[in-house]
Amino acid sequence: MAKKKAEGYLSGREARRIAKENRRITNAFEKKRKRKNVPESEYLTQMANPDNAVEFDNLHTYFYTDAGVVKSVDGVSFEVPIGKTVGVVGESGCGKSVTSLSLMQLLQRPQGQVVEGEIRLNMGDKAYDMTKMPNEQMQKIRGNYVSMIFQEPMTSLNPVFRIGEQVDEVIALHHGEGKTKEDIKARTIELLEMVGIANSQGVYRMYPHELSGGMRQRVCIAMALACSPKVIIADEPTTALDVTIQAQVLDLLRNLKDKINSSIMFITHDLGVIAEMADYVVVMYAGRVVEKGTVHEIFSNPAHPYTIGLMASKPVVGKQVDKLYSIPGKVPNPIDMPNYCYFKDRCEMCVKGCEGEYPTQVQLSDTHFVSCYRYYDKKNQGGEV
Amino acid sequence: MASKKVRTQGDFTPVEYDPQYILQVNHLKKYFPIKGGMVGKTVGHVKAVDGVTFNLKRGTTMGLVGESGCGKTTTGRTILRLAGEKTDGQVLFNGQEIYDMNPKEMRALRTKMQIIFQDPFSSLSPRLPVGEIIGEAVREHKLVSKAEYNDYIDKVMDNCGLQPFHKARYPHEFSGGQRQRICIARALALNPEFVVCDEPVSALDVSIQAQIINLLKDLQDQYNLTYLFISHDLSVVEHISDSVGVMYLGNLVEYGDTVDIFRNPLHPYTKALFSAIPVPDPNAKMNRIVLEGSIPSPANPPSGCKFHTRCPYATERCKVEAPCQREVEPGHYVVCHLFDK
């Protein structure tokens with residue numbers, strides 16, 4: 001029993017205290033969010049660079065659980081430029097999806113809260129801070145400006161409604177003013193054809209279970225693109241699909257992105273898919289960005305030991321190795337993060353400085369940033385040390 | 001009781017036992033009946049496995065790849081006699097037809113052939129401690145004496161990278177990679193000769209994947225195991241396998257050494273499948289063959305060659321006549337009319 005206590009055992013009294021404290025914090029957040037008639041000035045902000053569609057700036061998203069505060073996203077900053085694709089890679093639980101859900105304000109509330117930082121969304125002539133957006137305003141943003149394609153096409157469609165009704169609903173809700181039912185249906189059919197569904201009239205009347213995985217994902221893409229959003233978040237859109245279908249869906253996404261001139265934030269753990277789709281790559285580990293840069297920089301010159309390990313551990317067709325590299329150890333407990341570099345315990349390239357606190361970002365080139373002590377002496381201009 | 005058997009006039013020549021092979025599969029077929037109507041009459045069959053032929057050498061790994069729904073998993077289960085009766089064909093394990101065995105013989109054989117399932121989250125009983133999960137079958141088959149039992153389980157767990165104190169814990173206390181280790185330990189505790197690995201790494205993260213693949217390879221070297229490695233991740237299959245079979249809609253369309261198959265894919269489907277693998281190199285040139293449409297229903301497969309509906313080289317002949325397996329190079333078999341002499 002003594003052992004168990006050492007490993008994060010919580011007494012009932014302690015758990016109740018944490019739960020009560022959490023409720024106090026989250027209630028304050030919720031109260032702020034639920035206000036009516038919030039003046040626009042409160043969430044109006046300025047883009048750091050007008051060429052960016054979205055800017056994540058020092059984002060902190062915490063989950064207030066009964067076992068303690070989970071810092072899912074802990075100081076994430078990166079940009080999504082207009083018309084480009086940004087790939088976000090990392091293991092499960094590293095905060096990839098939570099970052100995107102923070103942008104959509106779809107976090108599991110009230111436990112999940114953005115506690116610090118800004119997410120700036122470029123609306124053309126102005127910019128909004130998504131983290132301060134009240135609920136009623138969010139409705140107009142979701143779907144119209146930012147939309148999301150989810151991982152599992154099997155579960156993200158409603159099984160009891162026909163495909164047509166589900167896509168119609170999106171259009172009616174966002175662009176429905178002054179349109180008749182026939183207009184909406186025509187638009188739906190047009191969308192279904194755009195995503196490469198040949199039998200669009202037939203599919204309009206089908207239920208999700210009548211379609212294959214690839215077709216369902218096409219329907220989800222059609223729904224996401226219904227209002228020509230400026231930013232599309234694709235959260236592992238091809239993970240559940242076969243390689244041949246994956247190739248079709250990736251082709252489709254690439255073509256559609258150019259057609260409606262939007263940006264894609266592409267979340268995946270498949271490095272092959274990233275290399276193919278992305279212009280910029282963000283590598284996340286334990287809630288932080290460890291490395292970011294253009295796709296060429298990351299793949300030809302990976303700097304962070306985690307990125308290097310990740311690349312070495314994936315078998316590549318055509319390259320024979322005797323034994324795969326595997327990163328030793330495991331991800332630190334998210335409730336009790338160490339105060340030094342999160343990757344230090346698994347890192348095989350540690351240097352002297354690694355004893356210190358979490359490393360700040362070092363700039364290696366115009367676009368290439370890495371958070372690692374190994375690059376401190378090489379380039380000292382990046383970040384305040 | 002017994003479901004009506006569909007005999008397809010047994011149009012295969014039975015194979016003889018060849019001692020270099022641990023497993024010989026010959027024209028194996030497995031159809032599932034579709035029940036319909038008021039009285040539950042059989043109205044058709046899903047041809048999940050429709051004539052699969054391959055041989056597996058002792059101590060090697062064969063990869064089985066293909067899209068979902070092509071019958072990879074059913075093939076694995078039929079070989080282990082886990083999917084009821086076969087419809088047709090032969091499965092020789094060490095020269096013995098496993099479907100002719102009586103329950104007692106079958107029970108003894110079960111220790112020799114094991115399976116590792118895809119999903120480590122649902123294939124472990126949540127109510128049993130890990131030691132019991134691993135040891136249950138060992139006790140049942142009386143593989144070791146009572147006195148040695150505890151040491152034996154500790155040894156098996158140690159081989160699979162688990163600590164002895166994990167024995168008293170329950171599956172929910174473990175991460176995905178650890179659970180997959182438990183599944184592997186459970187299969188290996190019985191000292192099998194042959195293990196079917198049904199997508200053992202597809203539910204895991206890349207870095208954990210590497211650990212499990214390395215573990216499987218180490219154990220193979222240590223115990224001279226034979227694996228049938230089912231996966232849809234072609235890069236993993238290339239890494240671990242000595243030979244590869246490519247399945248499409250219940251048929252093995254191409255089969256041969258890993259090197260041959262990956263360097264020189266012959267069947268149009270294999271070519272398309274391989275060209276669809278994303279390469280983690282942004283400078284790589286893509287000559288992608290994108291297949292139109294999706295896999296047809298196995299309940300109503302196309303006539304002739306099953307791939308002709310999506311094949312870029314399909315001719316009139318493909319629509320009528322089903323091709324048969326041909327050895328194009330030594331040890332490299334392909335099922336396609338394009339390679340008829």
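1. Start with helix α8 of chain A. This helix has 13 residues. From its first C-alpha to its last it reaches 18 Å, close to the 18 Å expected at 1.5 Å a residue. Bear in mind that the model is predicted.

2. How many residues of α8(A) are buried? The count is 13 of the 13, so the helix is largely enclosed by the rest of the structure. Here a residue is buried if 20 or more other C-beta atoms lie within 10 Å of its own.

3. Next, the sheet. Eight strands of chain A form an open sheet with mixed pairing. Their order is β7-β8-β9-β4-β10-β11-β13-β12. At the edges stand β7 (146-149) and β12 (362-363) of chain A, and each pairs on one side only. Helix α8 (residues 213-225) of chain A packs on this sheet. There α8(A) touches β7 and β8 (231-235) of chain A. The direction of the helix makes about 175° with that of β7(A).

4. Within the sheet, look at β10 and β11. Strand β10 (residues 280-285) of chain A pairs with strand β11 (residues 288-294) of chain A. The sense is antiparallel, over six bridges. Which residue of β11(A) stands opposite A:V281? That residue is A:G293.

5. Now the largest nonpolar core. This core has 182 residues. A:A222 and B:A185 have the most contacts inside it. α8(A) gives the most to this core, with eight residues. Domain 1 (147-232 + 241-262) and domain 2 (285-382) of chain A both give residues to the core, so it lies between them.

6. Leaving aside residues up to four places away in sequence, A:A222 touches A:V167, A:L191, A:L192, A:M194 and A:V195. As a general point, nonpolar side chains in soluble globular proteins tend to be buried together.

7. On domains: chain A is divided into domain 1 (147-232 + 241-262) and domain 2 (285-382). What separates the centres of the two domains? The separation is 38 Å, taken over C-alpha atoms.

8. Finally, the β2/β3 pair. Strand β2 (residues 52-65) of chain A and strand β3 (residues 68-81) of chain A run antiparallel. They are joined by 11 bridges. A hairpin of two residues links β2(A) to β3(A). For one bridge to inspect, take A:Y64, whose partner in β3(A) is A:V69.

How values were computed: Residues numbered from 1 in each chain as written. Chains lettered and ligands numbered in written order. Predicted model: local features only at pLDDT ≥ 70, side-chain atom pairs only at ≥ 80, totals over all residues. Pairing = 2+ DSSP bridges. Helix = DSSP H or I, 4+ residues; strand = E, 2+ residues; numbered from the N terminus. Contact = placed C-beta atoms within 7 Å. Axes fitted to C-alpha atoms, helices over the stretch in contact; angles between N-to-C directions. Core = buried A, V, L, I, M, F, W, Y, C linked by C-beta atoms within 7 Å. Buried ≥ 20, exposed ≤ 12 C-beta atoms within 10 Å, placed from the backbone. Domains from an automatic or database assignment. Expected span 1.5 Å × (residues − 1).
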